[in-house]
Amino acid sequence: MADEPPSPPPRPDPVAAGAEARRLLRGATAATLATQADGQPFASLVTPAMTGDLTPLLLLSTLSEHTRHLMRDPRCALLVTGLADGPNPQTAPRVTLTALAEQVPPAEAAALKDRWLTRHPYAAFYADFGDFGLWRLRPGGALLVGGFARAVRLPLAALLPDAQAVAALEAAEADIIGHVNADHADALAAIATGLLGRAPGAWRLTGVDVDGCDLMGPDEAVARLDFEAPVADADGVRRGLVLAARAGRGAA
């Protein structure tokens, strides 16, 4: 009797794949930017930070070749790579985001630069140099490779977070950060050290979005906490932090 052909792999869940892609993008402190000039592709290292609605922010210098490329042609792609599961690099999850780049207008730049700097605090001493400017990437779609032979194309509807949840958390973010930093420093320390494996010290909350939180600790160290599932409001953030602090204390 002939062997039956192997069953095809299950179709990926677009909602789960979109959440996985967002986790990779939000957790990245470095990425590869692909641009082109006169048909010649070019790749360079950049340091992104994500807004609540998953818009990548880049602080770019006009002295850099990739910046000059974007000034002529805004079409680009951003590659973010996670950690491989073993010695084979192909097992690393990664996401390629296609986008159009644009310079952030001066009226918006100050607040967005502050958000970028909470992810890259070491850059504060050169962020205001005259050749540097803030750019953002308008996503067009993404390709998520969740590991070896696990690829799924993500349209914007599957990739981007829920717009109402984004707006709700943007409105509540300042109050959440102020309250947690003032009253729950012990919980942040438990999350950073016990759950995320970071160095002990004074940790504080610097950003909140539907997928998780950003923290900053000693010596400008940064850490990313991913929620178990996307949240829709401040109560969801509270529950996510409570669960994370409990897990961190248990691990410690």
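Predicted model: local features only at pLDDT ≥ 70, side-chain atom pairs only at ≥ 80, totals over all residues.
## A buried loop residue

Residues are numbered from 1 along each chain as its sequence is written, and side-chain values use heavy atoms, with hydrogens and water left out.

You will find L54 in the loop between β3 (49–50) and β4 (56–61). Strands here are DSSP runs of E with at least two residues, helices are runs of H or I with at least four, and both are numbered from the N terminus. L54 is not a glycine, yet its phi is positive, at about 75 degrees. Most residues other than glycine have a negative phi.

D219 is another residue to look up, with a positive phi of about 55 degrees although it is not a glycine. Its place is the loop between β10 (212–216) and β11 (222–226). Is D219 buried or exposed? D219 has a relative accessible area of 76%, which means that it counts as exposed.

R26 sits in helix α1 (residues 14–27) and is buried, its relative accessible area being 4%. Setting aside neighbours within four places in sequence, R26 has contacts that include M50, T51, G52 and L54 (contact means heavy atoms within 4.5 Å).

R136 belongs to strand β7 (residues 132–147), and its 8% relative accessibility makes it buried. Which side chains does R136 reach with polar contacts? One is the side chain of E102, at 2.6 Å, and another is the side chain of E108, at 2.8 Å. A polar contact is a pair of N or O atoms within 3.5 Å; within protein, one must be able to donate a hydrogen and the other to accept it, and residues adjacent in sequence count only if both atoms are side-chain atoms. Beyond four places in sequence, R136 also touches residues including T55, P56, L57, L100, A101, V104, P105 and L112.

Not counting residues up to four places away in sequence, F132 touches L59, L60, S61, Y126 and A127. F132 and L63 are 69 residues apart in sequence, but their C-alpha atoms are 8.5 Å apart in space.

Now for the helices. Helix α6 (residues 185–195) and helix α7 (residues 234–251) pack at an angle of about 55 degrees, with axes 7 Å apart. Axes are lines fitted to C-alpha atoms, for helices over the stretch in contact, and angles run from 0 to 180 degrees between N-to-C directions. The pair is therefore oblique; angles under 35 degrees count as roughly parallel, over 145 as roughly antiparallel, 65 to 115 as roughly perpendicular and the rest as oblique. The crossing of α6 and α7 is left-handed, meaning that the near helix is turned anticlockwise from the far one by less than a right angle, with clockwise being right-handed. From α6, the contact uses D186, A187, A190, I191, G194 and L195, and among its α7 residues are L241, A244, G248 and R249. By class, this contact has 9 nonpolar, 2 polar and 2 charged residues (Ala, Val, Leu, Ile, Met, Phe, Trp, Tyr, Cys and Pro count as nonpolar, Asp, Glu, Lys and Arg as charged, and the others, Gly among them, as polar).

Helix α5 (residues 163–183) crosses α7 at roughly 40 degrees, and their axes come within 10 Å. That makes α5 oblique to α7 too, with a right-handed crossing. L169, A172, I176 and V180 of α5 meet A234, V237 and L241 of α7, giving 7 nonpolar residues, no polar and no charged. Between α5 and α6 the angle is about 90 degrees and the axes are 5 Å apart, so these helices are roughly perpendicular. Here V180, N181 and D183 in α5 meet A185, D186 and L188 in α6. That contact divides into 3 nonpolar, 1 polar and 2 charged residues.

## A glycine in α7

Helix α7 also holds G240, which is buried at 16% relative accessibility. G240 and D226 are 14 residues apart in sequence, with 8.8 Å between their C-alpha atoms.

Note on methods
Buried < 20%, exposed > 50% of the residue type's maximum accessible area, 1.4 Å probe, protein only.
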